[in-house]
Amino acid sequence: QVQLVESGGGLVQAGGSLRLSCVVTGRTFSTMAWFRQAPGKEREFVAGIRWNGGSTRYSDSVKGRFTISRDNAKNTVYLQMNSLKPEDTAVYYCAADYSLSIATIPPEYDYWGQGTQVTVSS
């Protein structure tokens, strides 16, 4: 059974940092990604990474502040979030895909975690 379990969310002040983790069990995927969804908004792509080679892709809104990485031995993907802003407040979701390219739209991903809340206060 495939499971994606996120952790690491919480409340942080603007300018602070958080690290999200996503543990994957049951299968190995080619591409992993983080999406986020704020209240009343559509789910949006944040960052993605290929398991093999480690190539990455970021949305313009987080480039230079967030870093996605993976630990193949632990089947875990991380999202290091620095210089957080109130507009980063959202539920963050981990997603997995068999594709060899890092897609940026939700329908391209086959599996999802339950989400973890990130709240950035001003």
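## Glu6 and its surroundings

Leaving aside neighbours within four places in sequence, Glu6 is in contact (heavy atoms within 4.5 Å) with Ser21, Cys22, Trp34, Tyr92, Tyr93, Cys94, Gly113, Gln114, Gly115 and Thr116. This is a predicted model, in which local features need pLDDT of at least 70, side-chain atom pairs count only at pLDDT 80 or more, and totals for chains, interfaces and linings use all residues. Residues are numbered from 1 along each chain as its sequence is written, and side-chain values use heavy atoms, with hydrogens and water left out.

Glu6 itself is found in strand S1, which covers residues 3-7; strands are DSSP runs (E, at least two residues) numbered from the N terminus.

## A buried charge

Glu6 is buried (under 20% relative accessible area, with a 1.4 Å probe and protein chains only) and yet has no salt bridge, a term for a side-chain nitrogen of Lys or Arg within 4 Å of a carboxyl oxygen of Asp or Glu. The nearest side chain of opposite charge, that of Arg43, is 7.6 Å away. The side chain of Glu6 does, however, reach the backbone nitrogen of Cys94 at 2.7 Å, and it reaches the backbone nitrogen of Gln114 at 3.0 Å.

## The disulfide

A disulfide is a covalent bond between the sulfur atoms of two cysteines, counted here when these atoms are within 2.5 Å. The structure holds one disulfide, formed by Cys22 and Cys94 with their sulfur atoms 2.1 Å apart. This pair links distant parts of the chain, since Cys22 lies in strand S3 (residues 18-25) and Cys94 in strand S9 (residues 90-97), 72 residues apart.

The link of Cys22 and Cys94 is left-handed, with -80 degrees about the S-S bond, and both Cys22 and Cys94 are buried.

Key
Helices (H or I, at least four residues) and strands (E, at least two) are DSSP runs, numbered from the N terminus. Buried means under 20% relative accessible area, exposed over 50%, partly exposed in between (1.4 Å probe, protein chains only). Lys and Arg count as positive and Asp and Glu as negative; His and the chain ends are not counted. A polar contact is a pair of N or O atoms within 3.5 Å; within protein, one must be able to donate a hydrogen and the other to accept it, and residues adjacent in sequence count only if both atoms are side-chain atoms.
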